[in-house]
Amino acid sequence: MIQKQRSFQTRKMNDLGKLYLIPTPIGNLEDMTYRAVRLLGEVDLLLAEDTRHTIKLLNHFNISTKMQSFHEHSNPHEIDSYIEQLQQGQNIGLVSDAGMPLINDPGHPLVSKVLEADIPVISLPGANAALTALIASGLSAERFTYYGFFPRDKKEQQKVLELIGKHEETALFYESPYRIKQALQAVVNILGDEREVVIARELTKSYEEYLRGSAVDLLAYLEENQLKGEIVLLIEGGGLEEEVSFDHLPYKQHVELMMSSQGMMAKEAIKQVAKLRGVKKQEVYNAYHEL
Ligand code: SAM
């Protein structure tokens, strides 16, 4: 079933309140849009990831809207009470500490429950660290994948970096300055020294900086310099061969294919197929010789 939402659809919808997703600056207070400032002041209630943080923004714009804290540890039942308020015609704004709400920030359960209740959700465009970094990175912005924070687990790192190598999209990650060196080391290990990488740091702030270069050069730079502040890591995609799986082939055919495509003798091909398929050599040998 298709769920249609138009901002000013029906009288019934006009009686409902709206949930506004309001981006906030990622550093530079001038990055608020006029509309975002207006709505911060006009909504009946603001849900903020950290009210102590958002109050500074509200004070800057002389706004005194009522605020409540809303974060990933908030009680899920709170959402029901916000839905009741929206049904009674109250407008609610959602903000995170910085950038777009929901982008590695709280809000998805709220948005999906509000939509389930047929209440309009209005998203405002605005600041976002990943996209801000992407368009000035010099890497292709035509196709890209946003992965959120760089994985900490070594196996996860390998999996995701191999995936990046097999696809042409530019990859975007958030990363802490304390882990960026290990992240770059993983890039060198899996994708090689020459992989183009960009570190975008402290965007929109006075110390904004882009470090562009090969993974190995940037790693050498980080050996000498400890980075500070907030970071987006961008990695050029592609360059690794897409693995073709022959797991659907019977062992005999797989061995014959290895022999014809790679010029191997039967003994070597049997060994390779057994390794690729994770089975005993004897099993492949028997299949090949039809024993
Ligand atoms: N919702 C935010 C957005 O739309 O970009 C992202 C929130 S996420 C919890 C915070 C991470 O975003 C930081 O750890 C950093 O990696 C990245 N980030 C936020 N502000 C940044 C900035 N000014 N410069 C570079 N990276 C930034």
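A: Glu209 counts as partly exposed, at 24% relative accessibility, where buried means under 20% relative accessible area, exposed means over 50% and partly exposed lies in between (1.4 Å probe, protein chains only). The model is a predicted one, in which local features need pLDDT of at least 70 and side-chain atom pairs count only at pLDDT 80 or more, while totals for chains, interfaces and linings use all residues. Residues are numbered from 1 along each chain as its sequence is written, and side-chain values use heavy atoms, with hydrogens and water left out.

The side chain of Glu209 meets that of Arg201 in a salt bridge, with 2.8 Å from N to O; the term stands for a side-chain nitrogen of Lys or Arg within 4 Å of a carboxyl oxygen of Asp or Glu. Arg201 itself is buried, at a relative accessible area of 13%. As a general point, side chains of opposite charge can pair when their charged atoms come close.

Thr204 is buried, with a relative accessible area of 19%. A polar atom of the Thr204 side chain lies 3.2 Å from the backbone nitrogen of Asn28. Leaving aside neighbours within four places in sequence, Thr204 is in contact (heavy atoms within 4.5 Å) with Ile26, Gly27, Asn28 and Asp31.

Turning to Lys205, this residue is partly exposed, with a relative accessible area of 27%, and its side chain forms a salt bridge with that of Glu230 at 3.1 Å, N to O. Glu230 lies in the loop between α9 (215-224) and β10 (231-235) and Lys205 in the loop between β8 and β9, so the pair ties together parts that are 25 residues apart in sequence. Glu202 also belongs to this picture, being linked with Lys205 and Glu230 in a network of salt bridges.

Because Lys159 and Glu156 are three residues apart in helix α7 (residues 154-166), about one helical turn separates them. Lys159 is exposed at 55% relative accessibility, whereas Glu156 is partly exposed, with a relative accessible area of 37%.

Key: A polar contact is a pair of N or O atoms within 3.5 Å; within protein, one must be able to donate a hydrogen and the other to accept it, and residues adjacent in sequence count only if both atoms are side-chain atoms. Helices (H or I, at least four residues) and strands (E, at least two) are DSSP runs, numbered from the N terminus.
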